[in-house]
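Hi everyone, thanks for coming.

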Amino acid sequence: MKRLFVLLFSLLLCVVSYADTINLHWLNEDGTTYQNSTCTVNGDLNIPTTPPTKYGYTFTGWKLSNYIPIEYLESTGTQWIDTGFKPTNKTVAEIDYQFTQLPRSGTSYQIGAGSDNNSTRFRFIISSNGNGMDCSLGTNVSFSGINALNRHILKIDAINRTCSIDNTLENQINNYFSGSDRTFYIFNLNNGSSIYKHYARCFYLKIYDNNTLVRDFIPVLDYNGVPCMYDRVTQQFFYNQGTGQFIAGPVLQ
């Protein structure tokens, strides 16, 4: 039985033959020419009308991306993103994250959703010494000996009331988490005052609610080259809500 695959082709942009026209050469995987065409600068790309063929494969259509994936999105201390999602008592959030600078003495850097009511906080915290990290589902749980300047996978599980770092360190939270009244922020804590902006890199963020993936953020450059986050669930770009501009990590090949 033949398995269903999408046959991938390479697009090679060649010489500009006129002021506003580009010659396109569509290549097969083995380097042979599949089809030649042209397009205009800043115009729509006309994809080949004849379906490509390869023995043993069935072509199911073209998939064109309007963004360029990058390794990470980096905040310089004034940029942050609102995910638009409020954590509930059935939310699980997993984020691949790296703080790049420690807070000054007596302060902390925080990420997530918070409020004046401690029972609704859904967040991660690092203090000024950088040798530990706290997770909060209302009640704080501390992880000692964690270098906050290293890259970590942070996970908050409101269903099982646990927090984990790098999939190995877990602590049980005894109190019940009812849900947050504010949306989850990346590079900041949403508590109404936006005072926890910080220096960090985000490699991805996944948010599940009642075991359904509701946010799947990856760092990208949009079609104008602006560093931002793209959510593969809603298929929308999420941009900086602060000042300045994010630093883009290396483009993923």
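What you see is a predicted model, where local features need pLDDT of at least 70 and side-chain atom pairs count only at pLDDT 80 or more, while totals for chains, interfaces and linings use all residues. Residues are numbered from 1 along each chain as its sequence is written, and side-chain values use heavy atoms, with hydrogens and water left out.

Which cysteines form a disulfide? A disulfide here is a pair of cysteine sulfur atoms within 2.5 Å. That rule gives a count of one: C135 with C163, whose sulfur atoms sit 1.7 Å apart. This pair links distant parts of the chain, since C135 is in strand β10 (residues 131–137) and C163 in strand β13 (residues 162–165), 28 residues apart. The link of C135 and C163 is left-handed, with -45° about the S-S bond.

I just said "strand", so here is the rule: helices (H or I, at least four residues) and strands (E, at least two) are DSSP runs, numbered from the N terminus. Two strands pair if DSSP finds at least two bridges between them.

Now find the open sheet of five strands, in the order β11-β10-β9-β8-β16, with mixed pairing. Strand β8 (residues 108–113) and β16 run parallel and are joined by two bridges. In one of the pairings, L189 in β16 is the bridge partner of G112.

Next, the inside. A nonpolar core is a set of buried Ala, Val, Leu, Ile, Met, Phe, Trp, Tyr and Cys residues joined through side-chain atoms within 4.5 Å. The largest one has 42 residues, and Y97, M133, I186 and F187 have the most contacts inside it. Another core lies apart from it, with six residues, including C228 and Y230.

Let's stay with F187 for a moment. F187 lies in the loop between β15 (185–186) and β16. Its phi is positive, about 70°, although F187 is not a glycine. F187 is buried, with a relative accessible area of 0%.

Compare D166, which lies in the loop between β13 and β14 (169–172). D166 is also a residue other than glycine with a positive phi, near 60°. Is D166 buried or partly exposed? D166 counts as partly exposed, because its relative accessibility is 31%.

That's my tour. Any questions, just ask!

Key:
Buried < 20%, exposed > 50% of the residue type's maximum accessible area, 1.4 Å probe, protein only.
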